Amino acid sequence: MSKIETNVLPPMNQIWSQTLNWQPSDAQEQLFQQIYQEVLEGNRQQNLTRITSPEDFWEKHLWDSLSGIIALEEILAHQLQIIDVGTGAGFPGIPLAIAFPHWRITLLDSTRKKITFVNDLIAKLQLNNATGIVARAEELGRIPGDRASYDLALVRAVSKPSVCAEYSLPFVKKGGLAILYRGHWSDEDTAGLAAAATQLGGKIELIHRWETPLSKGIRHCIYLRKDSTTAKKFPRAVGIPEKQPL
Ligand code: SAM
């Protein structure tokens, strides 16, 4: 098989519709393919992802990014402000910006090289609803205009659950959601996260468990509803949430 053939995403329209009741348009499929090419290319310059085979990339980056959101049917049509905290190479934020062009998505990462990649990708894909920002969540989460300003804050593969809650909940407007994308999840995790969320002005509203369609990996999304203002002392100074998790 030639190199070009191996770098093509598999056709997955049937699985998209069967699992998420959603299907990309031809244009969206082309953009997904373009993300894949750009991430493979970017991987030569920096360590963006270890997930590089076409099936893995489709399942663990594209499908996974959308699967955390598409269950929330009641919000899909609304115009939402979203922040993806610790976006890395742009997941879950970039696939969501493609799938939901009426949303406005901020992609946040503390590593400048990652955001340079993300902003180049946004320009190449001509996505006018997404912007990358270099900052620490602990700092941006204190800035008016970002604090308590988003309908959804998403965090995938960044840190322990209570750290993710401290990074994300300060960004969320009252009534909005922080969504933690996780793999395995236990009752112990629920108890720890519930205690941290209460301190941050949120509560666990829903824990959604499902399997990925190809490799049958276990996924959980934890939906934290922000029901009161986050106290001024949160997020704590840079590095403290990670060193002394709530
Ligand atoms: N969310 C992406 C994904 O699921 O593919 C990337 C996950 S990567 C393992 C974690 C990212 O979080 C890294 O790019 C790192 O720079 C970023 N990160 C970690 N702590 C952060 C913080 N306090 N503020 C902003 N970004 C942070």
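Predicted model: local features only at pLDDT ≥ 70, side-chain atom pairs only at ≥ 80, totals over all residues.

Biologist: Which residues of helix 3 are buried?

Modeller: An α-helix has 3.6 residues a turn, so residues three or four places apart point the same way. In helix 3 the buried residues include Gln 28, Leu 31, Phe 32, Ile 35, Tyr 36, Val 39 and Leu 40.

Biologist: Next, the cores. Which residues touch the most other members of the largest nonpolar core?

Modeller: In soluble globular proteins, nonpolar side chains tend to be buried together. Here the largest nonpolar core has 50 residues, and those touching the most other members are Trp 16, Ile 35, Ile 69, Ile 94 and Ile 179. Helix 4, residues 54-70, gives the most to this core, with 7 residues. Another core, of 25 residues, lies apart from it and has Ala 165, Trp 185, Leu 200 and Ile 222 among its members.

Biologist: Which residues does Ile 35 touch, once those up to four places away in sequence are not counted?

Modeller: Ile 35 touches Phe 57, Leu 62, Phe 91, Ile 94, Ile 98, Leu 121 and Leu 125.

Biologist: How many residues surround the ligand, and which are the closest?

Modeller: One starts with the surrounding residues and then looks for pairs of N or O atoms. The ligand is surrounded by 17 residues, of which Gly 86, Phe 91, Asp 109, Glu 138 and Arg 156 are the closest. In the side chain of Arg 156, an N or O atom is 2.6 Å from an oxygen atom of the ligand. For Arg 136, a side-chain N or O atom is 3.4 Å from a nitrogen atom of the ligand. Ser 110 takes part through its backbone, with an N or O atom 3.2 Å from a ligand nitrogen. Taken alone the ligand exposes 600 Å², and the protein buries 79% of that.

Biologist: Turning to the loops, is Thr 87 buried or exposed?

Modeller: Thr 87 lies in the loop between strand 1 (81-85) and helix 5 (93-99). Thr 87 counts as buried because its relative accessibility is 3%, the cut-off being under 20%. Beyond its sequence neighbours, Thr 87 touches Gly 93, Leu 107, Leu 108, Asp 109, Ile 115 and Val 118.

Biologist: Where are the cis peptide bonds to be seen?

Modeller: Most residues other than glycine have a negative phi, and most peptide bonds are trans. In this model a cis bond joins Phe 91 and Pro 92, with omega about 10°, and Pro 92 is in the loop between strand 1 and helix 5. The bond from Phe 234 to Pro 235 is cis as well, with omega near -5°. Pro 235 is found in the loop between strand 7 (218-226) and helix 10 (240-243), and counts as buried at 0% relative accessibility.

Biologist: Which residues other than glycine have a positive phi?

Modeller: Ala 148 has phi near 50°, and Ala 157 has phi of about 55°. Ala 148 is in the loop between helix 7 and strand 4 and is partly exposed, with a relative accessible area of 43%. Ala 157 lies in the loop between strand 4 and helix 8 and counts as exposed at 74%.

How values were computed. Residues numbered from 1 in each chain as written. Heavy atoms only, no water. Helix = DSSP H or I, 4+ residues; strand = E, 2+ residues; numbered from the N terminus. Buried < 20%, exposed > 50% of the residue type's maximum accessible area, 1.4 Å probe, protein only. Contact = heavy atoms within 4.5 Å. Near = heavy atom within 4 Å. Polar contact = N/O pair within 3.5 Å; in protein donor to acceptor, adjacent residues only side chain to side chain. Areas by Shrake-Rupley, 256 points an atom, 1.4 Å probe, with all protein chains shown as cover. Core = buried A, V, L, I, M, F, W, Y, C linked by side-chain atoms within 4.5 Å.
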